[in-house]
Amino acid sequence: MIHPVIMAGGTGSRLWPLSRQLNPKQFLKLTDGPLSMLQSTVARLDGMEVQKPLLICNEEHRFLAAEQMRQSGYEDSRIILEPCGRNTAPAIALAALQLCENAEGDDPLMLVLAADHLIKDVEAFQKGVEKAVPLANEGKLVTFGIVPQQPETGYGYIHRGGELAADCYSVDGFVEKPDIETAKTYLASGEYLWNSGMFLFSARQYLAELERHRPDILSVCREAMTDTCADLHFIRVNLELFAKCPSESVDYAVMEKTDHAAVVSLDAGWSDIGSWSALWDVSEKDSDGNSLSGDVIAHQTSNTLVRADSRLVATIGVDDLVIIETKDAVLVAHKDKVQDVKAVVEQIRSDGRHEHMNHREVYRPWGIYDSIDSGARYQVKRITVKPGAKLSVQMHHHRAEHWIVVSGTARVTNGEKTYLVTENQSTYIPIGQVHSLENPGVIDLELIEVQSGSYLGEDDIVRYEDRYGRK
């Protein structure tokens with residue numbers, strides 16, 4: 001049986017301002033349809049004989065990942081939490097060790113997938129996995145190479161060797177991202193494939209090859225996995241131990257060194273959507289070459305990507321642009337310059353701003369809050385609490401809070417008192433008062449929170465009880 005392992009740990013900045021550090025692209029709905037990139041990756045497995053997916057993600061994304069998996073029908077999906085980023089070789093090692101621990105002597109096949117890839121032809125993808133299974137069962141470490149559509153300089157390439165089976169080859173070598181002239185020769189030769197970063201191999205074979213080529217990585221991962229703890233459906237890895245692990249990609253650590261590499265040629269409409277121009281490439285366009293999303297008026301506009309999330313965006317007489325509007329930031333860039341978005345994000349970070357970190361809307365395990373206004377000594381939030389959810393029992397040293405219920409019913413603990421607050425009613429939480437908020441109903445609880453005080457940062461919180469493990 002195949003065990004899907006979904007790598008959901010990226011914090012990519014190339015799709016800013018939509019992608020943020022606390023809400024990166026794998027959790028976003030980037031293409032047409034109701035699913036995020038992670039949810040589309042999970043849906044791609046429908047119809048295959050596979051076990052429940054095992055996720056690997058960052059600690060700070062755990063509730064976002066768990067909620068999206070719940071929405072996908074995996075209420076109890078296992079999620080390994082990386083306490084710090086150490087690239088793909090250690091992350092896959094953690095998953096392999098976890099699978100082997102539960103395999104009772106078997107050698108599980110790992111289908112390693114990235115949570116932020118687009119694959120338009122799901123049937124072709126699934127057939128590619130089927131072709132890879134016999135090779136993996138023979139001890140091959142199989143990667144999936146994408147049939148190139150143009151001379152692309154943004155991807156690494158795989159030089160395929162002799163044919164092992166239909167669309168299956170040995171690997172003659174991995175090559176770095178080429179310049180445009182080299183990429184043209186790769187395309188013309190027909191012997192090179194884009195390196196997708198997707199794999200199929202047995203867990204024990206991967207660990208054996210890691211032991212052979214990077215025993216230092218495997219040693220640290222083994223030690224870290226001996227000191228895990230279960231928290232809800234999360235598997236927490238020891239931070240102090242795992243932080244000692246070298247940071248290395250699976251390509252550098254294993255695939256470029258092993259004698260057991262194989263590649264399956266895949267033509268399935270694949271893209272890693274690594275930039276806004278890449279999203280424009282794969283998006284549906286109108287007769288003028290525009291990809292428009294949201295409330296957009298495009299006049300004398302061509303070959304442009306416009307995404308409006310919260311207001312009307314109008315364009316006049318522009319060409320080859322990317323325009324991305326969110327509630328707190330707007331990006332305007334030429335399509336040829338979108339790789340420089342990372343420089344803007346770095347400028348935001350170095351200036352001590354917050355727009356690289358999160359959106360106005362912030363997801364929590366109990367629901368969402370939207371910071372709709374702020375000023376000197378005050379902040380206003382719109383809070384949505386899911387049915388049955390409860391915020392932690394907490395206290396603030398520097399702020400008081402005034403709650404006005406817009407819809408639904410709130411159960412409020414305010415010091416020694418617990419009471420209900422319904423629509424159009426309000427309540428006041430003084431500075432230093434221990435309090436909590438709960439939605440006892442069956443519909444969303446929506447309220448307006450007005451904070452006032454000398455310091456309004458999210459770190460002014462003392463938690464006494466928390467059902468989500470944040471105490």
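**Salt bridges and burial in a predicted model**

Visitor: Why is R360 called partly exposed?

Guide: This is a predicted model. R360 has a relative accessibility of 25%.

Visitor: What makes R360 and D370 a salt bridge?

Guide: Their side chains meet at 3.0 Å, N to O. The limit is within 4 Å, so the pair qualifies. R360 lies in the loop between α11 and β20, and D370 in strand β21, so the bridge ties together parts ten residues apart in sequence. R360 and D370 also belong to a network of salt bridges with K327 and E361.

Visitor: Why is D370 called buried?

Guide: The relative accessible area of D370 is 7%. Buried means under 20%, so D370 is buried.

Visitor: How do you know that D116 forms a salt bridge with K25?

Guide: The closest N and O atoms are 3.6 Å apart, and the cut-off is within 4 Å. D116 is in the loop between β4 and β5 and K25 in the loop between β1 and α1, so the pair joins parts 91 residues apart in sequence. D116, at 18%, and K25, at 9%, both count as buried.

Visitor: Why does S202 count as buried?

Guide: S202 has 5% relative accessibility, and the limit is under 20%, so S202 counts as buried. S202 sits in strand β9. Leaving aside neighbours within four places in sequence, S202 is in contact with D107, P108 and L109.

Conventions. Residues are numbered from 1 along each chain as its sequence is written. This is a predicted model: local features need pLDDT of at least 70, side-chain atom pairs count only at pLDDT 80 or more; totals for chains, interfaces and linings use all residues. Side-chain values use heavy atoms; hydrogens and water are left out. Helices (H or I, at least four residues) and strands (E, at least two) are DSSP runs, numbered from the N terminus. Buried means under 20% relative accessible area, exposed over 50%, partly exposed in between (1.4 Å probe, protein chains only). Contact means heavy atoms within 4.5 Å.
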